[in-house]
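Walk through this structure with me, one feature at a time. Keep the sequence and the 3D view side by side.

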Amino acid sequence: MKFLLGGIAVIVLGVGVMFLIMNNGAAKTNPFPDFNVMPPLPENETVAAGGKDKSSGFGSDRVNQGQEAKPVPFDGKRAMRYLQSICDLGPRISGSAAMRKQQQLIKKHFEEFGAKITYQAFEAEQNSVRGKVEMTNIIVSFQPEKKRRVIICSHYDTRPIADQEPDPRDWKKPFVSANDGGSGVALMMEMGNHMKGLKTNVGVDFVIFDGEEYIFRPDGANRDRYFIGSEHFAQTWRQTKDRVDYSAAILLDMIAGNKLRLPVEINSHRRYPKLCEEVWGVARELNAKAFKWERGHEVQDDHIELQKVGIPAIDIIDFDYDHWHRLSDTPANCSAASFEQVAGVLSVWLQRTK
Ligand SMILES: [Zn+2]
């Protein structure tokens with residue numbers, strides 16, 4: 001993960017400081033009454049059923065109204081074991097031996113569930129690195145014959161530097177990035193146990209992106225390219241003649257922290273508000289309390305590359321995770337209960353979406 005739109009934060013901060021100066025500290029009214037509060041969720045339980053959403057193209061035809069859907073019996077403890085097995089490989093930097101081991105682990109795992117596995121291999125160049133690096137997105141397809149499909153996705157590479165560590169001497173120490181990258185893969189691995197029995201109207205692709213974290217120079221005018229894998233996946237899809245129809249994509253990023261908090265990411269809600277209402281509405285039904293119907297951060301992440309080619313994509317992300325890009329991003333700071341909340345919501349949403 002990614003960077004915030006720092007400029008906007010600076011402007012908001014600046015305006016806030018100006019407001020305080022102008023009011024000489026006396027007024028306590030909120031200058032941004034709408035900033036922390038989302039529009040109310042529709043009271044109807046089938047939240048996405050009402051009306052057309054012109055901005056997103058979603059409407060009542062997308063969701064089976066009132067369809068009985070129960071969460072799958074997702075095993076959070078087993079997801080934690082998958083997470084541990086991924087982290088036991090060590091740092092999984094794009095092009096590294098550990099990354100190749102992770103690819104084999106993922107392939108073997110999903111083949112046992114009868115999924116179709118596609119390696120989307122390519123070479124990429126990074127601004128700060130000489131030469132090319134091998135990258136591979138992995139696409140795990142369930143019911144591959146279905147033309148209309150949805151995507152659940154995450155990146156699976158880890159950042160070469162733990163650049164949120166305060167002491168730069170720590171940056172190059174082994175960084176396993178459990179929640180950031182690992183958690184999305186582990187959730188999909190556990191979901192794999194439940195996909196065969198899951199009744200869905202759509203085919204499901206788990207898309208696992210490489211090259212989200214291949215960053216050596218994170219800042220500045222000449223900073224490294226982000227989202228190399230998701231860009232490649234999106235552009236390849238766009239250029240495919242007889243391509244499948246993706247009706248939605250949900251990106252998972254840092255979804256297993258033990259203090260999980262999931263407000264709505266701004267770039268998701270701005271472009272696909274109905275899809276956000278569908279997902280957060282299911283969370284409300286299931287009482288999945290980590291999901292907060294509040295404005296979260298505005299985050300640049302893999303979902304943007306999908307949005308660019310017209311795939312309706314949103315990001316479920318805990319951007320306030322304390323251990324982000326730190327050596328302490330380990331399985332010890334993730335939890336089975338967090339996995340279960342997110343997977344429960346996803347599994348109900350998957351059964352309803354069309
Ligand atoms: Zn990251």
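This is a predicted model: local features need pLDDT of at least 70, side-chain atom pairs count only at pLDDT 80 or more; totals for chains, interfaces and linings use all residues.

Look at the backbone of Phe-227. Its phi is positive, about 60°, although Phe-227 is not a glycine.

Is Phe-227 buried or exposed? Phe-227 counts as buried, because it has 24 C-beta neighbours inside 10 Å, and 20 or more are enough for that label.

Now move to the loop between strand 2 (132-142) and strand 3 (148-155), where Gln-143 is found. Gln-143 is not a glycine either, yet it has a positive phi of about 50°. Its surroundings are next. Gln-143 has 16 other C-beta atoms within 10 Å, so it is partly exposed. That class falls between the buried cut-off of 20 or more and the exposed cut-off of 12 or fewer.

Turn next to a pair of helices. Two packed helices are described by the angle between their axes and the distance between the axes. Take helix 7 (residues 273-286) and helix 9 (residues 336-352): their axes come within 9 Å and cross at roughly 115°. The crossing of helix 7 and helix 9 is right-handed.

Which residues meet there? Helix 7 brings Glu-278, Val-279, Val-282, Ala-283 and Leu-286. Helix 9 brings Gly-344, Val-345, Val-348 and Trp-349. By class, this contact of helix 7 with helix 9 has seven nonpolar residues, one polar and one charged.

How values were computed:
Residues are numbered from 1 along each chain as its sequence is written. Axes are lines fitted to C-alpha atoms, for helices over the stretch in contact, and angles run from 0 to 180 degrees between N-to-C directions. Helices (H or I, at least four residues) and strands (E, at least two) are DSSP runs, numbered from the N terminus. A crossing is left-handed if the near helix is turned anticlockwise from the far one by less than a right angle, and right-handed if clockwise. Two residues are in contact if their C-beta atoms, placed from the backbone, lie within 7 Å. Ala, Val, Leu, Ile, Met, Phe, Trp, Tyr, Cys and Pro count as nonpolar, Asp, Glu, Lys and Arg as charged, and the others, Gly among them, as polar.
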